[in-house]
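Colleague: I am new to this structure and would like to learn how to read its packing. Please take me through the helices, then the sheet.

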Amino acid sequence: MARLGIVVAVSENTPPLKSLTACKNDGDAFSSILKETGRFDEILVLSQASDTTSKSVKSNISDLVERYKGQQIEEVVFYFSGHGDFVGTDFYHILADFDPTSRNQTSLANSELDGLIR
């Protein structure tokens, strides 16, 4: 059974959101902890500015899930560092190219993440 880690750390944001420079360090530190455990078959780390756009994050997570399709997954650890927002009962992970007029396309909702992983 596979164990997977997904680390997304968004340090650079588009205005009006302020960039959170420490998020990259948070993501790098957390991914180092996951690696040190030796428990994970694969750890996806998205912490560079070019990796944290909506297209890149969603594509990379989809690719990871596709690689393990049909295999039993024992554990998935998801870590996010960056801005977030609640809309109704859903939480949105704000990605680097976030646009509030295109919330579903430029952020990652918990419900969308659940759908990708399941």
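Modeller: Helix α2 (residues 54-67) packs with helix α4 (residues 110-117) at an angle of about 30°, their axes being 9 Å apart. Helices (H or I, at least four residues) and strands (E, at least two) are DSSP runs, numbered from the N terminus. Axes are lines fitted to C-alpha atoms, for helices over the stretch in contact, and angles run from 0 to 180 degrees between N-to-C directions. This is a predicted model, in which local features need pLDDT of at least 70 and side-chain atom pairs count only at pLDDT 80 or more, while totals for chains, interfaces and linings use all residues. Residues are numbered from 1 along each chain as its sequence is written, and side-chain values use heavy atoms, leaving out hydrogens and water.

Colleague: Which residues make the contact between α2 and α4?

Modeller: Contact means heavy atoms within 4.5 Å. Here α2 contributes Lys-58, Ile-61, Ser-62 and Val-65, and α4 contributes Glu-112, Leu-113, Leu-116 and Ile-117.

Colleague: In what order do the strands of the sheet come?

Modeller: Strands of a sheet pair through backbone hydrogen bonds, either parallel or antiparallel. Two strands count as paired if DSSP finds at least two bridges between them. In this open sheet the three strands follow the order β4-β5-β6, with antiparallel pairing. β4 (84-87) and β6 (107-109) are the edge strands, each pairing on one side only.

Colleague: How many bridges join β5 and β6?

Modeller: Strand β5 (residues 90-94) pairs with β6 over three bridges. The bridge partner of His-93 in β6 is Leu-108. Helix α4 packs on the sheet, where it touches β5 and β6, and its direction makes about 75° with that of β6.
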